[in-house]
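These are my notes from looking up a few residues. The entries follow the order in which I checked them.

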Amino acid sequence: MSQSVCILGVTGSIGQSTLKILDQHPDKYSVFAVTAYSRIDALSEICKQYRPKIAVVPAHKVDELQSVFKQKNIQGVEILSGEAGLIAVAEHSEVDVVMAAIVGAAGLLPTLAAVKAGKRVLLANKEALVMSGDIMMQAAKDHHALLLPVDSEHNAIFQCLPQNYFQIETHKEPQLGVKQILLTASGGPFLNHTLEQLKEVTPAQACKHPNWSMGQKISVDSATLMNKGLELIEACHLFSIKEHFVTVVVHPQSIIHSMVQYVDGSTLAQMGNPDMCTPIAHALAWPERLTTHVPPLDLFTHSQLDFTAPDITRFPALKLARQAMQVGGLAPAILNAANEVAVAAFLKQQIGFLNIPEVVEHTLNQIDNASAEALDVILNIDQQARQVATQRITQLSR
């Protein structure tokens, strides 16, 4: 029986990879709803090809989409708008699977809506868990949602853990013989840059990842190692484990996507070519497997694999993220909001590359931490953190 899929963020790299997998299995999946933020022409082409029932765009893009639909004679696709539209498709009764691939805090409410509706949620939006991890995980439990990680690292960890790991209460301690999680990081494009070289980094250089094809924001996060910091926080929530049981390992080849170490001395690793179609296909079909176009790993070609410890002096964002998880409460939400604002400013060349973690640290120090038990509190602190970060950016750019 075919499953209906809602793709939140269909024009991004994750959304495009999801469509590739669906194309290979038209008998198993159909596109019910798609959403996009600014790439209206790309969205219209997707609607023309896949004929979803619903398309969602920001309110100020509705007229443009209607006009493009008219030009291309696309009929039968209902247009919804804004946050309400995103939530409506995420929790829609006819949707079986939700790909949560909206970048940043904007993905929080629709992802939570999908979880509360008991969907199979393929989680590519790490910020949703960073901001409201405890709320999201409790909602998944309460509403019997299947929350499956799509990030290549978390998907690898998921594959390397015992199958019944998620059926027990872990109480933040490793269970079933698990000793620790090894979270791999490519190190980004500036792995071997000195601090002096990092001062001169441009947005174009930061967006050029050596192994993965990604959007601008996540590419910059990978370059600062903040992406790995956000993934560390996400891993703690997904796998119900304290941060000191998660070790970040720099692995430039991006062949081993992450590992799990056990008390008997075993280390299980998930390996594969760096292509997001593999974890997407795994999460779509789990516990079964889907065929993909991704070629199997050639171990003779990739005969050398390197591993080093991250340098938190040159890349302090990782240290800040770990500290935020140690403190808990609203600190991860503050960290995430400040980072989003700082990255946007860097991409506009308002601040330098090394100013990104500086803005984040300043914001964390300026705002009092508190419990993250309510969604409205989290959303309020998100706005407050953005204001503080923006003020700091104004000071730095004078």
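Where is Lys348 found? I place Lys348 in the loop between α14 (331-347) and α15 (355-366). Helices (H or I, at least four residues) and strands (E, at least two) are DSSP runs, numbered from the N terminus.

Before going on, I note that this is a predicted model, in which local features need pLDDT of at least 70, side-chain atom pairs count only at pLDDT 80 or more, and totals for chains, interfaces and linings use all residues. Residues are numbered from 1 along each chain as its sequence is written, and side-chain values use heavy atoms, with hydrogens and water left out.

I looked up the accessibility of Lys348 and got 60% relative accessibility, so Lys348 counts as exposed. Buried means under 20% relative accessible area, exposed over 50%, and partly exposed in between (1.4 Å probe, protein chains only). From Lys348 to Pro203 I find 8.1 Å, C-alpha to C-alpha, across 145 residues of sequence.

Next I went to Asp151, which sits in the loop between β7 (146-149) and α7 (152-160). Asp151 counts as buried, at 8% relative accessibility. Leaving out residues up to four places away in sequence, I list Leu123, Ala124, Lys126, Glu231, Glu234 and Met276 as touching Asp151; contact means heavy atoms within 4.5 Å.

Last, I searched the whole structure for disulfides (a pair of cysteine sulfur atoms within 2.5 Å) and found 0. For Cys6, in no disulfide, the nearest cysteine sulfur is that of Cys47, 12 Å away. Cys6 is buried, at 0% relative accessibility. Cys236 is also in no disulfide, and its nearest cysteine sulfur, that of Cys160, is 17 Å away. I record Cys236 as buried, with a relative accessible area of 1%.
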